[in-house]
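Subject: Structure handover

Hello,

Here is the structure you were going to look at. My notes on it follow below.

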Amino acid sequence: MEPLAAIGLASGIITFIDFSWNIVSGTIEVYQSCTGVTKENARIGTIIEDLREYADQLISDGASNSKQERALQRLAAQCSEVSEELIQKLEKLKAKENNSKWHSFKATWASMRKEKKIATIERRLCGYRAQINQRLLALLCENQSNIRTQLDVIQHEAEKLSSKSVQAIKLLRQEIVTMLSSLNGQSARCDSSSSGEDDGMDEEEQTSLFKSLRHINTKLAKLEAVASRVPRETRVLQHLYFNHMSSRKYNIDKPAAESFSWILQDDKAFQKYCDSEEGISLQELHGYVAKMDESRKLLTNWLEDGSEAFHISGKPGSGKSTLMKLICEDPRTMEYLKRWSGSRNLALASFFFWNQGNDELQKSLGGLYRAILFSILKECPQLIPEIFPQQWEKLSTVSADLVYETGLFSPPKIKQAFELLMRGSSPKLSNFCFCLFIDGLDEYQGSTYDRREFAQQLRDWARMPNIKICVSSREHLEFMYVFSPQLRIQLQDVTRLDIYRVSCFFFRKAECYNLLSGIYLELTREILRMAQGVFFWAVLVVKSIINEAFVDSDPQKLRQKLQDTPEELDELYDQILGSLDRADRKWADLALLLALKNPFNHEMNAMCLGWLDNIDNIKRQNVPSKNVQYAPGEVGQRLEDINKALLARTKGLLVLHKESVDCPEKVWHYSFFSTRVHFFHRTVRDYLENTTRRSRMEAQYPNFDFSLTHSLLRLAEVSSFDPLVAIEEHTGGRIVDLDFLKDNLEMYAMEAYVLKSPSIEKLRPYYLQRLRERGIFNNLWMTPRKDRSSLRSTNLARVGTP
């Protein structure tokens, strides 16, 4: 018997017992036929028909392997016997009374209940009521129960995608178990169900227990419906999900010194925020506080009651993404939006374009469609049949096969679903409100024409009564023209106080603060003047001065250092790299070029930077020899050394960032893989992509094949990775399924030799060799998923379980 079919059978038994009890106890007066006949018009024949229909639902298909399911089937058979006996009695009454209306025979039936046969049926029903209560509790709670196992699997799969349906399943399971346990307590005075006696309770108490069972059955029907629906919901969400879907947002650091928090504050909190920073007066800020206040009210009023798209524009490095992340995640945003949505369901979704990401979906409309749909549908899973009607119907008739189903979720069909969501043409969508936050429109990888067209679409969608859209971008003409200036914040005009606060914060927390305490406020005011609202520039300069103070803290030299700092970012980067000695500059140029010219779909592993000093040896060997594998403690130490090297040799233009991934069961979760090399800011990449500048850096490495070097470094990376150590780190030795590890490593490693480069072509056999040398992949490499169970057992034996 299918586990969910057992829930249906249990529900059918409860329905039968409840209906039969109503007949024998004479409480059928509250009855309304399942065929639609009202209680006033119900005749004896109608009740017989309904009783037969409920009895037919007690037939189960398939053999049962579990003890509780077999007991459930026996109980169903016993109920069927009772139904036949009861029907025989009712048929005699029907013939005798000429099938008259039921309500006119209440007195007659009351006297018939005194008959031994009816009384026996009544006692048996009480016993069956107690039995189904116990059986159902065991099915939902016992570790060996197939129903519990299947519900756990359904719940776990939905939980991995953070689907809101998880809460519905959890709540229903908890409520049913609580009600069954309570019912068991109330039934404690009953004799065992096998005796068929229930003299310990009067009829009123028994009727109360049957009513409680009726409530349980309502919950059980909901659980069966949800448990049948959730696997399909999960499959839809799986087709929408992609790796690094939210990586850009997760990798944006939290604002320091509570900067930008004023944007959502009320009047009192805002005034306190502006008055709280020492060393600067409101007079010094001139009209900037007034602009902050105007921007704050503009945004909060729009969240509460505005229409049209809201536009946050700004210079490069002014903090647009940081602000957008804060607005997305701050609970005050939801409070403002609820005043707009009223009684309608409200869902928020966000997408952060990222043109530094090597995954095309991070910088394409296809990625935006999938991310927004995923976010909204996991919060509102009841909308999935509305948004994907054809897919939903087909998923209900085919077994789960993500490969086969891929065609149902092609890019055009996902775009069609997104547009359906935006248009709100389905009646059910009128009960929902959506607020979208889309960051970095200028990082969408399309032409100027494409970006203008997309901006116009966003503007038009934002005019729908149930849609709000907040966007951010650089001050490109296509965005400044399309979006209304009346609903725009130009960020560099309102960041002066935040820049001051953050600069003071970094100075005060520096280890050399005692050397700067007499001059840091003066330096901060000058930084504020020079920054022109560009947050990123100010942070770079503050860190540069702190580094200088460790070398020479003479106030005059620090003042001169600041005065010599270029106010344009490109010139600042020139100065930073120009300050390096010759050897460090050459290493920095190579590291920067490798980050810039990365052909893979993932940022470079930080561990690869540790091999740059030996890059010539690797190149001469053409194919790297097997590297020494690192123990878990060594990985952390190497990453710390690499971070120090980046700070010293690139002055912070390259940084290490620990990946935050939506789904934890990814290879990136392990410490060996999780730390990646990023540009400190998008403007660093822009700086390096200047043709003249890049050519000058590449001239130091004539005939250098960067794609081949990346492939060699990643081959060395795979060789140095010990999957057994990673598994131990992730699970503490408890292994259930190695598929997720194999699948992710396979995808990552195979990327290198599918690149269309003759120089990489010859590395293909070496990738296979290295992966096979990892041992755990000896047979899994080309083994179909359905045949892997025995192989996993072999691997489990190698790892061991506690």
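A contact here means heavy atoms within 4.5 Å. Residues 24 or more positions apart account for 77% of the chain's contacts that have a separation of 6 or more.

The model is predicted, so local features need pLDDT of at least 70 and side-chain atom pairs count only at pLDDT 80 or more, while totals for chains, interfaces and linings use all residues. Residues are numbered from 1 along each chain as its sequence is written, and side-chain values use heavy atoms, with hydrogens and water left out.

Overall, the chain has 39 helices and 7 strands. These are DSSP runs numbered from the N terminus, with helices being H or I of at least four residues and strands E of at least two. Of the 802 residues, 52% count as buried. Buried means under 20% relative accessible area, exposed means over 50%, and partly exposed is in between, with a 1.4 Å probe and protein chains only.

Helix α27

Helix α27 covers residues 582-596, which is 15 residues. From first C-alpha to last it reaches 21 Å, close to the 21 Å expected at 1.5 Å a residue; the expected span is 1.5 Å times one less than the number of residues. Its buried residues include Trp587, Asp589 and Leu596.

Two helix pairs

Two packed helices are described by the angle between their axes and the distance between the axes. Axes are lines fitted to C-alpha atoms, for helices over the stretch in contact, and angles run from 0 to 180 degrees between N-to-C directions.

How do α11 (residues 288-305) and α13 (residues 331-341) cross? Their axes come within 6 Å and cross at roughly 45°. This makes α11 oblique to α13, because angles under 35 degrees count as roughly parallel, over 145 as roughly antiparallel, 65 to 115 as roughly perpendicular and the rest as oblique. Thr300, Leu303 and Glu304 in α11 meet residues of α13, among them Tyr336 and Trp340. Ala, Val, Leu, Ile, Met, Phe, Trp, Tyr, Cys and Pro count as nonpolar, Asp, Glu, Lys and Arg as charged, and the others, Gly among them, as polar.

The axes of α23 (residues 520-531) and α25 (residues 555-563) come within 11 Å and cross at roughly 5°. That makes α23 roughly parallel to α25. The α23 residues that meet α25 include Leu523 and Met530, and those on the α25 side include Leu558 and Arg559. The classes are 5 nonpolar, 1 polar and 3 charged residues.

Single residues

Thr524 lies in α23 and is buried, at 0% relative accessibility. Its side chain reaches the backbone oxygen of Tyr520 at 2.7 Å. Leaving aside neighbours within four places in sequence, Thr524 is in contact with Tyr500, Ser503, Cys504 and Phe507.

Glu308 is found in the loop between α11 and β1 (310-314). Its phi is near 70°, a positive value in a residue other than glycine. Glu308 is partly exposed, with a relative accessible area of 26%.

Regards

Technical notes. Polar contact = N/O pair within 3.5 Å; in protein donor to acceptor, adjacent residues only side chain to side chain.
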